[in-house]
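Welcome! Please take a moment with the sequence and the structure, and then we will visit a few spots together.

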Amino acid sequence: MLTFWGAAQMVTGSMHLLEAGNTRVLLDCGLYQGKRDEAHRRNKTFPFPPEEIDAVLVSHAHIDHCGNLPSLIHQGFDGPIYLSAATRDLLRVMLYDSAKIQEEDAAHLNIQRNYQEPFVQPLYTAKDVDLVLRQCVTVKFNETRDLAKNVRFQLIEAGHVLGSAMVHLTLAGENGERSITFTGDLGRRNLPLLRTSGAIPPADVLVCESTYGNRVHEPIENTVSKLYSSINRAIERGGKVLIPAFSLGRTQLIIHYLHEGVRQKKIPRIPVFVDSPLAADITEVYERHPECLTDQAQQSLLDGTGILGGDIVEYIREFEDSIQVSLRPDPCVVIASSGMCDAGRIIHHLKRHVDDPRCMVILVSYQAQGTTGRRLLEKSPTVRIQGRDWNKWLEVVHLDGFSGHADQIDFQQYLSPLAGKVPHARLIHGEQEQAEALARMMRGMGFPDVSVPTPGEKIVLE
């Protein structure tokens, strides 16, 4: 039996519970991301006893897929966490950063409450992350592993971020073997750096993401051309270019294209700063795992030219250096988190340059309703940042073609070989509109049973 607990009719908090005989396996254990009070409530309480979980299979290192593992362990889970080697190394970086955010947020709230008891406690701490890493067991792609006497599994490359994997499980029961394929997040085809997603294994039940199930991405060549022309426009008027970007996946893709743009003389060689200690750590993990990279990217590493900026990019770790970059009067490109401009170092860069008409902010990620990034996109002469209204005189450019998620055409390519081979499909990790659009397409392709589960909904493998 499979129960859909997280990322059901939403795109956050991936978590699905598989019960096979006496074995209980969790597919992903992601952090629910949303309004603070609701997020804390959802992340603090599990809909099952954590101590009864035998193992966790992690698809990849994005926080909405792995970010609540420390809470699971803190509440009693002590089994193995299976994942790829690259995901394990990224997990270390991502979870320690997440723990730091949890601890700082709790400290800030306690200050606001004048240290009134009961004190606000962080969801988890760095000590909990230590335990997560001790329980990690790395698995090679396409290697069959026994999880229990009645459960074995494989990880298949998913091409979404470094180390990302699909999970194919085979379950032994009284009525013979049954199988489940969990896609995690599927990568977009024809992007640089990472290997393309492998073939999705047929199964009795397919659990498939649907993030962009109703959308076709702009061709990446068009988006990159717009990136270069936007940067050139800002440089010609003597302005800085600010690029808010998430540290895992999007930042590396943007750095790659900036590097290529300079090398091909499509943009001038100006200073490029990646203002993020987290992104700097992630870049080191990319370089340690060439097995996840395309042949071209591997060759670039061997040649010494680098894949993530080479000698045109300077990574900024110290906050004092970040301030100095912000004070520089000459044109440059600054890539900083967060991607929706609601936290991180991008905030102080925006506050300094938002009222400078020579400057530009290029938004390269989806901007959720209510975020500073979404407010930048709105047609208003001012923008509210950290409780203050600022004159919005810099140029705002939105390039939404850099997504690393599969789109509707990618899904068609990935799923068409499975038509007639998969009796049941359940679509998760997508808002209902996107998931229903993909469900309609799959039914038209010949999938007999496709639906979008609600939280807590179950499917029984007979």
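## A word before the tour

A residue is called buried when its relative accessible area is under 20%, exposed when that area is over 50%, and partly exposed in between. Please keep in mind that this is a predicted model.

Let us begin with Ser 210, which sits in the loop that links strand 11 (205-209) to helix 6 (220-236). Its relative accessibility is 0%, so Ser 210 counts as buried.

Which residues does Ser 210 contact, leaving aside its neighbours within four places in sequence? They are Phe 411, Leu 427, Ile 428, His 429, Gly 430, Gln 434, Ala 435 and Leu 438.

## Pro 192, partly in view

Our next stop is Pro 192, in the loop between strand 10 (176-182) and strand 11. Here the relative accessibility is 22%, and therefore Pro 192 counts as partly exposed.

If residues up to four places away in sequence are not counted, Pro 192 touches Leu 253, His 256 and Tyr 257.

Is Glu 314 buried or partly exposed? Glu 314 counts as partly exposed because its relative accessibility is 43%.

How values were computed: Residues are numbered from 1 along each chain as its sequence is written. This is a predicted model: local features need pLDDT of at least 70, side-chain atom pairs count only at pLDDT 80 or more; totals for chains, interfaces and linings use all residues. Side-chain values use heavy atoms; hydrogens and water are left out. Buried means under 20% relative accessible area, exposed over 50%, partly exposed in between (1.4 Å probe, protein chains only). Helices (H or I, at least four residues) and strands (E, at least two) are DSSP runs, numbered from the N terminus. Contact means heavy atoms within 4.5 Å.
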